[in-house]
Amino acid sequence: MSAWRETADGIAIAVRVTPRGGRDALLAGTDEHFAARLSAAPVDGAANAALLALVAKHFGVPKRDVALVAGQTARLKRLTITGDPQVLARAAASLYAVAP
């Protein structure tokens with residue numbers, strides 16, 4: 001899977017998380033995943049909650065439209081984002097500075 005792929009109702013993304021990484025930031029990672037630095041510690045779901053908020057902010061969607069579907073306790077996580085697939089793909093591509 002690439003870092004993102006379009007789905008019928010949005011996009012699915014893969015993110016490698018670095019908790020306690022200073023400031024919160026969503027960045028281009030490898031071809032297989034985005035990279036997220038989170039200030040939250042991986043305790044009681046705090047890092048996952050911070051990741052959902054960060055992704056929602058970057059993609060311009062409400063937090064309720066971002067769901068963690070795999071990797072609840074792993075560094076590599078899979079998320080779905082509900083919305084217009086083309087708009088969301090452009091936001092994803094903007095991190096890599098390429099046209100979708």
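Predicted model: local features only at pLDDT ≥ 70, side-chain atom pairs only at ≥ 80, totals over all residues.
**Helix H1 and what covers it**

Contact here means heavy atoms within 4.5 Å. Residues are numbered from 1 along each chain as its sequence is written, and side-chain values use heavy atoms, with hydrogens and water left out.

H1 itself runs over residues 46-59. Its 14 residues reach 20 Å from the first C-alpha to the last, close to the 20 Å expected at 1.5 Å a residue (the expected span being 1.5 Å times one less than the number of residues). On its buried list are Ala47, Asn48, Ala50, Leu51, Leu54, Val55, Ala56 and Phe59. Just past the end of H1 comes Gly60, with a positive phi of about 70 degrees.

Zooming out, the protein has two helices and six strands; these are DSSP runs, with helices being H or I of at least four residues and strands E of at least two, numbered from the N terminus. Along the sequence they come in the order β-β-β-β-α-β-β-α. The radius of gyration, taken over C-alpha atoms, is judged against a globule rule of 2.2 Å times the number of residues to the power 0.38. For 100 residues a compact globule would come out near 13 Å, and the 12 Å of the protein agrees with that. The C-alpha atoms fill a box of roughly 35 × 25 × 20 Å along the principal axes. Buried residues account for 39% of the 100. Of the contacts with a separation of 6 or more, 45% are between residues 24 or more positions apart.

The other helix, H2, has 12 residues that should span 16 Å at 1.5 Å a residue; the end C-alpha atoms sit 17 Å apart, which agrees. Pro85, Leu88, Ala89, Ala91, Ala92 and Ala93 are buried in H2. Those residues pack against strand E1 (4-7), E2, E4, H1 and E6.

Strand E2 deserves a look of its own. Val15 belongs to E2 and is buried, with a relative accessible area of 0%. Not counting residues up to four places away in sequence, Val15 touches Leu26, His33, Phe34, Ala35, Ala36, Leu51, Arg75, Leu76, Lys77 and Leu79. By contrast with that list, Asp44 is 29 residues from Val15 in sequence and 19 Å away in space, C-alpha to C-alpha. Ala12 is also found in E2, and its relative accessible area of 6% makes Ala12 buried. Between the C-alpha atoms of Ala12 and Leu68, which are 56 residues apart along the chain, the separation is 9.9 Å.

One of the partners of Val15 is His33, which lies in the loop between E3 and E4. His33 is buried, at 15% relative accessible area. Leaving aside neighbours within four places in sequence, His33 is in contact with Ala3, Ala14, Val15, Arg16, Leu76 and Tyr96.

Definitions and conventions
Buried < 20%, exposed > 50% of the residue type's maximum accessible area, 1.4 Å probe, protein only.
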